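This report describes a protein chain from its overall composition down to single residues. The sequence and structure are shown first.

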Amino acid sequence: SGGVTLGKASTPVIGCGGDGEKEVWFHVVGVYDRENSQVHLYVDGQKIASKRCTLTCPLFNPSTIGCWDTKGPEGRTHHFKGKIDEVCLFQRAISAEEAKALHEGGVKKVKGGLAAYYPLDGNVKDLSGRGLNGKPSGAKPAKDRDGKPNAAMLFDGAGDWIAIPKPIITNNTTSYTVAAW
């Protein structure tokens, strides 16, 4: 099983198949709209939740893919089990229409504000043009949702992750969006 959280929540809001179950993919988009103090969660292009809140940007420090890095005495915790693909981050809040376009057509369908883009096609290179390449720790290339080999990354849920050595979002007072398959 696995889960997705936005902000500092520790309870997964979405589960995904694993451990012998049929593989299920979801496209998940989390949006923090700082100007309106709102968090929005989209799954497969549809808004499933919104909440009024104020967050401190968790992407201001060096970031990770596949776990929530608390940087506490236990180190990296909350490891994801399953596959992740097409990770992208925007240094702005995208609209509901853009969340749907991102689900249907990929990162090229959303214009402006791209902070990082990791297709995870057998490597962890950032294709946003900013050069924020990742370094995998245990995560391995795997088939994507279409069955294409080496087109996603597999995480074991026990210690795999990808380190992004520099901050992705460089302004902790801004809106931002995180999306992935």
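## Lys166

Lys166 counts as exposed because its relative accessibility is 53%, where exposed means over 50%, buried means under 20% and partly exposed lies in between (1.4 Å probe, protein chains only). Lys166 belongs to strand β13, residues 161-167. Ser63 is 103 residues away from Lys166 in sequence, yet the two C-alpha atoms are 7.3 Å apart.

## Basis of the model

The model is predicted: local features need pLDDT of at least 70 and side-chain atom pairs count only at pLDDT 80 or more, while totals for chains, interfaces and linings use all residues. Residues are numbered from 1 along each chain as its sequence is written, and side-chain values use heavy atoms, with hydrogens and water left out.

## The chain overall

The protein chain holds one helix and 14 strands; helices (H or I, at least four residues) and strands (E, at least two) are DSSP runs, numbered from the N terminus. Of the 181 residues, 41% are buried. The accessible surface is about 9500 Å², and carbon and sulfur atoms account for 50% of this area; accessible areas come from the Shrake-Rupley method with a 1.4 Å probe, and for residues only the protein chains shown count as cover.

Contact means heavy atoms within 4.5 Å. Among contacts between residues at least 6 apart in sequence, 59% join residues at least 24 apart.

Six of the six residues of β1 (28-33) are buried. Both of its faces are covered, with Val28, Gly30 and Tyr32 on one side and Val29, Val31 and Asp33 on the other. In a regular strand the side chains alternate between the two faces of the sheet.

Two strands pair if DSSP finds at least two bridges between them. β1 pairs with β2 in the antiparallel sense over six bridges, and with β14 it runs antiparallel over five bridges. Tyr32 stands opposite Val39 in β2 and opposite Tyr176 in β14. Val28 faces Val43 in β2. The hairpin of β1 and β2 has four residues between the strands, and Ser37 in its turn has a positive phi of about 50 degrees.

β2 is also mostly covered, with five of its six residues buried. Six bridges pair β2 with β3 (residues 46-52), again in the antiparallel sense, and His40 stands opposite Ser50 in β3. Two residues separate the strands of the β2 and β3 hairpin, where Asp44 takes a positive phi near 50 degrees.

## Helix α1

Glu98, Ala99 and Leu102 are buried in helix α1, residues 96-105. Seen down the axis of α1, the buried residues fall within an arc of 105 degrees, so they line one face of the helix; the arc is that of the directions from the helix axis to the C-beta atoms. An α-helix has 3.6 residues a turn, so residues three or four places apart point the same way.

The cover over the buried residues of α1 includes β1, β2 (38-43), β8 and β14 (176-180). On the face turned away from the buried side, α1 carries the exposed residues Glu97 and Glu104. Gly106 follows α1 and has a positive phi near 85 degrees.

## The sheet β7-β12-β11

Three strands form an open sheet in the order β7-β12-β11, with antiparallel pairing. β7 and β11 (140-142) stand at the edges with a single partner strand each, so one side of each is left without a neighbour in the sheet. Neighbouring strands of this sheet are turned against each other by 35 degrees on average, direction ignored; axes are lines fitted to C-alpha atoms, for helices over the stretch in contact, and angles run from 0 to 180 degrees between N-to-C directions.

Four bridges join β7 and β12 (residues 152-156) in the antiparallel sense. Phe155 in β12 is the bridge partner of Gly82.

## Asp85

Asp85 lies in the loop between β7 (81-84) and β8 (87-90). Asp85 counts as buried because its relative accessibility is 1%. Leaving aside neighbours within four places in sequence, Asp85 is in contact with residues including Trp25, Leu120, Arg145 and Trp181.

The side chains of Asp85 and Arg145 are joined by a polar contact of 3.2 Å. A polar contact is a pair of N or O atoms within 3.5 Å; within protein, one must be able to donate a hydrogen and the other to accept it, and residues adjacent in sequence count only if both atoms are side-chain atoms.
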